[in-house]
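Hi there,

Here is the structure I promised to pass on to you. Have a look at it first, and then read my notes below.

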2 protein chains.
Amino acid sequence: MGEGRLGEPGPPVRGRPVPQRRPYDGDTPRTGAAEGISGAGQVARVAGIKDVARQAGVSVGTVSNVINRPEAVLPETRARVLAAIEELGYVRSESARQLRAGRSRIMALLVLDMGNPFFVDVARGAERAARAAGLGVMVCNSDQSPAEEAEYLGLFAEQRVCGVLVTPADASGRNLEAFARHRIPYVLVDRVAPGTGTCAVSVDDVRGGALAVGHLLSAGHRSVAYVSGPGDLHQIRDRREGALAALADAGLPPEALVEIPSERLDVAAGRDAGARLLGLVPRPTAVFCANDLLALGVLQALYAAGVRVPQDIAIVGYDDIEFAAAAAVPLTSVRQPAVVMGRLAAELLLEESDDEDGTHEHRSVVLQPELVVRASSSTPR
Amino acid sequence: MGEGRLGEPGPPVRGRPVPQRRPYDGDTPRTGAAEGISGAGQVARVAGIKDVARQAGVSVGTVSNVINRPEAVLPETRARVLAAIEELGYVRSESARQLRAGRSRIMALLVLDMGNPFFVDVARGAERAARAAGLGVMVCNSDQSPAEEAEYLGLFAEQRVCGVLVTPADASGRNLEAFARHRIPYVLVDRVAPGTGTCAVSVDDVRGGALAVGHLLSAGHRSVAYVSGPGDLHQIRDRREGALAALADAGLPPEALVEIPSERLDVAAGRDAGARLLGLVPRPTAVFCANDLLALGVLQALYAAGVRVPQDIAIVGYDDIEFAAAAAVPLTSVRQPAVVMGRLAAELLLEESDDEDGTHEHRSVVLQPELVVRASSSTPR
DNA sequence: CACGGATGATGAATCGATTCATGGTCGATT
DNA sequence: AATCGACCATGAATCGATTCATCATCCGTG
């Protein structure tokens, strides 16, 4: 069908399925327009710096100066140029600037799950820092898929973004290893750096797990279920490790932690996990969830089954998202400084990206989590 | 301080505070490198199409062909070029492509509040459609601030994005009016088009409001509180209008709707509204909230005050976000097809943006909301 | 009056990819 | 053998902004 359309215009088209959109773009009309519109509105392609220069009767260099170093231009000239800019509705083209500069003024943020308010907060922090530095932010969602992640990283490389904030979905690190070839700086978010070659901002997940389970144990519980997530995520493993450490501290064996694995980290998965929790014998009296979405799901499953929280089963979540505090039974949760994490990560990235003389030293910042006790765990039986 | 740093290198710098980052960038080293590295890794600037051409022993045009129309290149040549690409780790520069093409391959999405899962779903739908078309998506957050909105729209214009999906924060429409000058297509999301000059995808909010309040009335309630939001948002007004229509249908006067205004649309604002609701005399027996975040906040305030839901007060929310179903008392809510809306909007935008011969006709798509009844309203007193 | 210095404006070169008119080669047909 | 077409590859022009060496003015001073 494409060929049929192509065959119609005059010149004998070769028989190849050429994927050309707008075959002639506008070379001819553009040249025509450039010769001498000035006043007429005609086809009116968007105004470029040359149009402004012509309109103001100056050179393109001067227009550029007005935009980038206005103090170096005579006020009179500047006013004329600004008037021309205003009149033509001129907006400078970032692509042209980028082409010269070698990289764009956009920072990328690649998170595991935009449905998780935790990452929304991270994004908020990063965005604030980036915009303060005059950069745009491109927020993307890998959905925990290494393939998606690879695709996005490729996109970022093509865009020559000035840097990437990423919470890796690919535990093997292969994606990032490949990405490193492009010499685009990146900062790991919510993940410790594997070596010293990378900046990273993370929260001490081991400690977070210990806080959560320690809290439950000190309330008298002797067995705790752990609703986990994909086993290849560091966060999940570290929180488990912290949980086990807390058990050990209390003189309990590792078997006192009953793991309820979960493929995903959302509310629906939490409901499933809650159902499985109810089927366990003996039934644990407390459950620690790898994040708040799971906890909310568990809470709902228990509620539906008539199991009282915290009287029958206590719940502790992780992340302390807004909805944790807003739940039917407000959730005890381990708060992560998400906004701060986003901001710090962006600042580290800016530092690395502004670094011209190789002075930058990679840093790993580890933030501390904080236990927020609410009703879901506060009154042990 | 900047001047001191600038004064050091040889050439006599003029005494102006020039804001130049990386003053010399790399012209000299680059030219040097371009003369003949080939083998050595040296300063190793990122490889461009010319490097690939040299390495493969072909012209740049051929490299371009290999990338964009591989079937037009002899397999043998193609293999050589691909090998060179692989070896040099070449990634084509989007900025250069964009410069020629006149616009980027990025679609922008500007939403009111990324903290609202409703918009996250919209983003999900849009992203899916955009990526299917090979475009990247830049998700941004105006936070209901017209000023932020204006700033982002300016950024989009500079980036020459191929189109913008926007839920306007500026009710006056001035921001978009100004943006229209740039000839960048845009589609309104969750908002009806003011005229025929724009595409739009929205949900029938009047009907949504009517569904919600009609449901409450048919359950026997005779007075309904409406927790609203910023008065200049169309959504808020339309939902109120629908609510009033439902009252009229039931033969009740407009006064039967008691408005509890709210500045913001988040859970915290909902808690405040809930507190005010409790202070009303006579106390309404039912409350309709302009969105689920408010409803969750109200629910929590009522719960904390020992008011039973739905026995004492029934609640209906709006949006049917995941957390509505996961609430302590699962929320009755008006479901909006958010993902579909995002997808449709993106598709309309793609159509308009691909339109070369002016064939495109602007369309306004209005989707229908759906009432999802859950426990928060299901058993009237 | 000549010269130096400061200040403004200029315009060509440049970034990297795309596009297309052009040229070259080979095979088939007349 | 000459011609034509098909097929490949080439390289120059182009997109729009930045940058810098260069030029033009003007003022003050010796």
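How many of the five residues of strand 5 (residues 199–203) of chain B are buried? The model is a predicted one, and in it five of the five are buried, leaving this strand mostly covered.

You can see this on both faces of strand 5 of chain B: B:Cys199, B:Val201 and B:Val203 are buried on one side, and B:Ala200 and B:Ser202 are buried on the other.

Next, the neighbours. Strand 4 (residues 186–189) of chain B runs parallel to strand 5 of chain B, and three bridges join them. Strand 5 of chain B also pairs with strand 11 (residues 364–367) of chain B, again in the parallel sense, over four bridges.

Now for the DNA. DNA strand D is surrounded by 26 residues, with A:Ile49, A:Tyr90, A:Arg100, B:Thr62 and B:Thr77 the closest.

- A backbone N or O atom of A:Ile49 is 2.2 Å from a phosphate oxygen of DNA strand D.
- A polar side-chain atom of A:Arg100 is 2.5 Å from a base oxygen of DNA strand D.
- A backbone N or O atom of B:Leu74 is 3.1 Å from a phosphate oxygen of DNA strand D.

Helix 6 of chain A gives the largest share of the surface near DNA strand D, with four residues.

Enjoy exploring!

Technical notes. Residues numbered from 1 in each chain as written. Chains lettered and ligands numbered in written order. Predicted model: local features only at pLDDT ≥ 70, side-chain atom pairs only at ≥ 80, totals over all residues. Heavy atoms only, no water. Near = heavy atom within 4 Å. Polar contact = N/O pair within 3.5 Å; in protein donor to acceptor, adjacent residues only side chain to side chain. Helix = DSSP H or I, 4+ residues; strand = E, 2+ residues; numbered from the N terminus. Buried < 20%, exposed > 50% of the residue type's maximum accessible area, 1.4 Å probe, protein only. Pairing = 2+ DSSP bridges.
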